[in-house]
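Subject: Structure handover and notes on its ligands, pockets and cavities

Dear colleague,

Please find the structure below. My notes on what was found in it follow directly after.

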Amino acid sequence: MPTETRRSVCALDCPDTCALLIDVDTEGRGSKLRGDPAHPVTRGFLCGKVARYLEREYSPNRLLHPLRRMGAKGDGHFARISWDEALDEIASRLKAVAAEFGSESILPYSYAGTMGLLNGSGMDRRFFHRLGASRLDRTICSSAGGVGLMDALGARYGVEPEQFRHAKLIIAWGANILGTNVHLWPFIVEARRNGAKFYTIDPHQNRTGKLADRHYAIRPGSDTALALAMMQVITTEGLENRAYVSANTLGFSALKEKVRLWTPQRAAELTGIAAEDIVQLAREYATTRPAAIRLNYGVQRSERGAMAVRTISLLPALTGAWMDPGGGVQLSTSGAFQVNAAGLERPDLQMQSPLAREARLLNMSLLGDLLTRVDDPPVKAMVVYNSNPAAIAPDQNTVRSGLRRPDLFTVVLEHFQTDTADFADIVLPSTTFLEHTDLYRAYGHYYLQLGRPALSAPGETLPNTEIFRRLAARMGFTEPCFDDSDDDMVRTTLDSSHPFVKGITLEQLDSERSVRLNIGAPFLPFAGSGFGTSTGKCEFNAETLDYTPPVESRLGEPDLVKRYPLEMISPKNDDSMNSTFGFRPEVDAQTAIVTIHPADAGLRAITTGDAVRMFNGRGQCLLTANVAGTVAQGVVSTPSVRWPKLAGDGNSVNMLTSQRLTDKGGGPSFYSCLVQVEKVLEL
Ligand SMILES: Nc1nc2c(c(=O)[nH]1)N[C@H]1C(S)=C(S)[C@@H](COP(=O)(O)OP(=O)(O)OC[C@H]3O[C@@H](n4cnc5c(=O)[nH]c(N)nc54)[C@H](O)[C@@H]3O)O[C@H]1N2
Ligand SMILES: Nc1nc2c(c(=O)[nH]1)N[C@H]1C(S)=C(S)[C@@H](COP(=O)(O)OP(=O)(O)OC[C@H]3O[C@@H](n4cnc5c(=O)[nH]c(N)nc54)[C@H](O)[C@@H]3O)O[C@H]1N2
Ligand code: SF4
Ligand SMILES: [Mo]
């Protein structure tokens, strides 16, 4: 029987950052999770994966005690040790490595297992800065798109979700809204009830695409060509918004000239979308008001992903869509959360480190190379938290040969014994977001939220903040910031003079839990010249706009195409969160499937249910075929990311992906990946 309802915030790496309600019984055990009906974006419902999060919370497989590895790296044999033994061993190993190879031979590796600021970029950052460890360039997800957005708008924010209800045309461009951003959906439903059209542009007609008024089956990595051709149609037909363009943009005539040769016919050959469809889409986009583009991160996981995001994000400046509530682009809202990051993360502590300077910056998307090729100094110790690189990083064969190195000292902070934890020397058990305090910004809405522990921490689990606090003490760090409580860190983080955040206090968050940023309502950041450029205008910079197909695509490197003729994408699985729920049998089954077009399957005598081997020069994995016309001919799609150790051959999709980086931002090119598929007798 529930005796009390407590509040929390979903910490998963999702744009929606939901406000949660949790029913707790007399023993303090959570019995049900719900979305908070009072939150303007959560609106009382949760996605399927988090509605069942208590199964994960109370799983018998939760890590409850510190562990030391007993067998070979990767074998998974561990023995329980005490926190004192674990922390002493880590401190002495890190000191020894730093003394012999320099502090930069230590590498933190983390991403967004929790989006909480304290447990994701708080005490951990202070610890590594004071230590003088290498800095990690956290590029694995959104850095290409981030640069593209900055190039176009000078800011990382856009249309707020609540305004989508006013739109008359909504384009989901590389955005699987029902799967990865489900709290936008009710606003789209409302808009459609009022007559809006809803289109999807995606190489895979997923659940979202099936519900669209039109689906444009674009070839992977060709979005820039489509956007340039839309600009061509808009400018040659004079459909641009002259008043907006002249008041708020720079470089229109050069843009018009630049896109002149980007005819719909030329784009059709590159994108696979018929020329007349491109013309029609461009006209409709330019003449419908308000028009909203929900751009998500799918388009920027290709080789020239930054250019794609930039070009698409320039479209509303041509049409003036930014002037309307419900018009413009949303890729992210995170740039509006202008908190005091320097106070939280304390990069200045590097001056107190043995380096006495800023440490080198290593790109997390190149983990394989970092562990096998980097010298001067080599990476000799790695501390992993909030991430599962042995599943999610590209080019796993290289990553694994690095993780297997006997001379690499590896510490992993985790909830579960992941593939990465199997490679650890020491595993430390961490609390979940339901068990610790944290502060949350969002990347799909504009509410800052505070989460307080709703459940007690099981076993000997500790928050990341406390683990790094204790490690700092073991290392002998005496700066007062290492004694900061979690509340002290929240106060510091809120201490910002930026108008969007100024005045929001811990006390206010404790009573309201969710506080709208000071952005006014409706938030129309680019209705006038509010762009984040030095001129305040949207700068087209047409001379740098361009498109060439990815090296790994059907129009790419001919030798590669001959051997590996299929373009593989590995988008998000609807019912999971990267590898976070990979231990669930249903999720394992969903991520073991590859969808292939009937014509490609026919050529290979593959039918639905067949065991197939998907491979390229980097590796292979075994999957079950699903033959369907929801992907275009020449494209295969498999949902990510399976736990490799649950696959029969110990491999999952990132055995095939490459360490080739995007054009800007140093992001991975997960969705520019050529493969071959063949039938095998059994898995
Ligand atoms: N259910 C669920 N939700 C999630 C996650 C999850 O794993 N599962 N992960 C979270 C994370 S980490 C992130 S970053 C977000 C990402 O959220 P999204 O960006 O929405 O997710 P993706 O699956 O990466 O890509 C979106 C769509 O882009 C399509 N796509 C792939 N290549 C191209 C291309 O070249 N052009 C175009 N136009 N489309 C392309 C894919 O088929 C997919 O439907 O989702 C978050 N939410
Ligand atoms: N092929 C392919 N690969 C991909 C992608 C893809 O689309 N296709 N997507 C990429 C993208 S967009 C992203 S963002 C990355 C995601 O990669 P990761 O950020 O590594 O995300 P997860 O796989 O969800 O792993 C997060 C881990 O953090 C742990 N964790 C959660 N909360 C806490 C906490 O409070 N403390 C500690 N210590 N641990 C915690 C979870 O148990 C989980 O094992 O994957 C990338 N890899
Ligand atoms: S994963 Fe996303 S949609 Fe699901 S509960 Fe968390 S924030 Fe909400
Ligand atoms: Mo991501």
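Predicted model: local features only at pLDDT ≥ 70, side-chain atom pairs only at ≥ 80, totals over all residues.

By class, the residues in the shell around ligand 2 are ten nonpolar, 17 polar and five charged. In this classification Ala, Val, Leu, Ile, Met, Phe, Trp, Tyr, Cys and Pro count as nonpolar, Asp, Glu, Lys and Arg as charged, and the others, Gly among them, as polar.

Residues are numbered from 1 along each chain as its sequence is written, chains are lettered from A and ligands numbered from 1 in the order in which they are written, and side-chain values use heavy atoms, with hydrogens and water left out.

Ligand 2

The shell around ligand 2 holds 32 residues, of which the closest are Arg-56, Glu-414, Lys-572, Ser-579 and Thr-580; a residue belongs to such a shell if one of its heavy atoms lies within 4 Å of the molecule. Domain 2 (67–141 + 337–516) and domain 4 (558–679) each give at least three residues to this shell, with domain bounds taken from an automatic or database domain assignment.

Several polar contacts (pairs of N or O atoms within 3.5 Å) were found here. The side chain of Arg-56 has an N or O atom 2.7 Å from an oxygen atom of ligand 2, and the side chain of Tyr-671 has one 2.8 Å from an oxygen atom of the ligand. From the backbone, an N or O atom of Gly-113 lies 3.5 Å from a nitrogen atom of ligand 2. On its own, ligand 2 has 920 Å² of accessible area, and the protein covers 98% of that area; accessible areas come from the Shrake-Rupley method with a 1.4 Å probe.

Ligand 1

Ligand 1 is surrounded by 33 residues, and Asp-202, Gly-221, Asp-223, Ser-576 and Asn-578 are the closest. At least three residues of its shell come from each of domain 3 (144–331 + 523–544) and domain 4 (558–679). The shell divides into 14 nonpolar, twelve polar and seven charged residues.

Backbone atoms make the following contacts. A nitrogen atom of ligand 1 is 2.9 Å from a polar backbone atom of Asp-574. An oxygen atom of ligand 1 is 3.1 Å from a polar backbone atom of Gly-298, and a backbone N or O atom of Gly-174 is 3.5 Å from an oxygen atom of the ligand. The protein covers 99% of the 900 Å² of accessible area that ligand 1 has on its own.

Pockets and cavities

Both terms refer to a 1 Å grid over the protein atoms alone: a cavity is a set of points where a 1.4 Å probe fits but cannot get out, a pocket is an open set with protein on both sides within 12 Å along at least five of seven lines, and lining residues have an atom within 4 Å of a point. Grid points are joined across faces, edges and corners, and a volume is the space filled by probe spheres set on the points.

The second largest pocket has a volume of about 1300 Å³. It is lined by 45 residues, and Ser-121, Arg-125, Arg-138, Glu-345 and Arg-441 are the closest to its centre. The helix α6 gives the largest share of this lining, four residues; helices (H or I, at least four residues) and strands (E, at least two) are DSSP runs, numbered from the N terminus. By class, the lining has 21 nonpolar, 15 polar and nine charged residues.

By the rule above there are five cavities of 30 Å³ or more. The largest cavity has a volume of about 110 Å³. Among the 15 residues that line it, Cys-14, Cys-18, Cys-47, Lys-49 and His-183 are the closest to its centre. The largest cavity lies between domain 1 (3–57) and domain 3 (144–331 + 523–544), because both give residues to its lining.

Backbone geometry

The peptide bond from Arg-289 to Pro-290 is cis, with omega near -10 degrees, and Pro-290 is in the loop between α14 (275–287) and β12 (291–295). Asp-376 and Pro-377 are also joined by a cis peptide bond, with omega about -10 degrees. Arg-43, although not a glycine, has a positive phi of about 50 degrees.

With kind regards

Notes: Polar contact = N/O pair within 3.5 Å; in protein donor to acceptor, adjacent residues only side chain to side chain.
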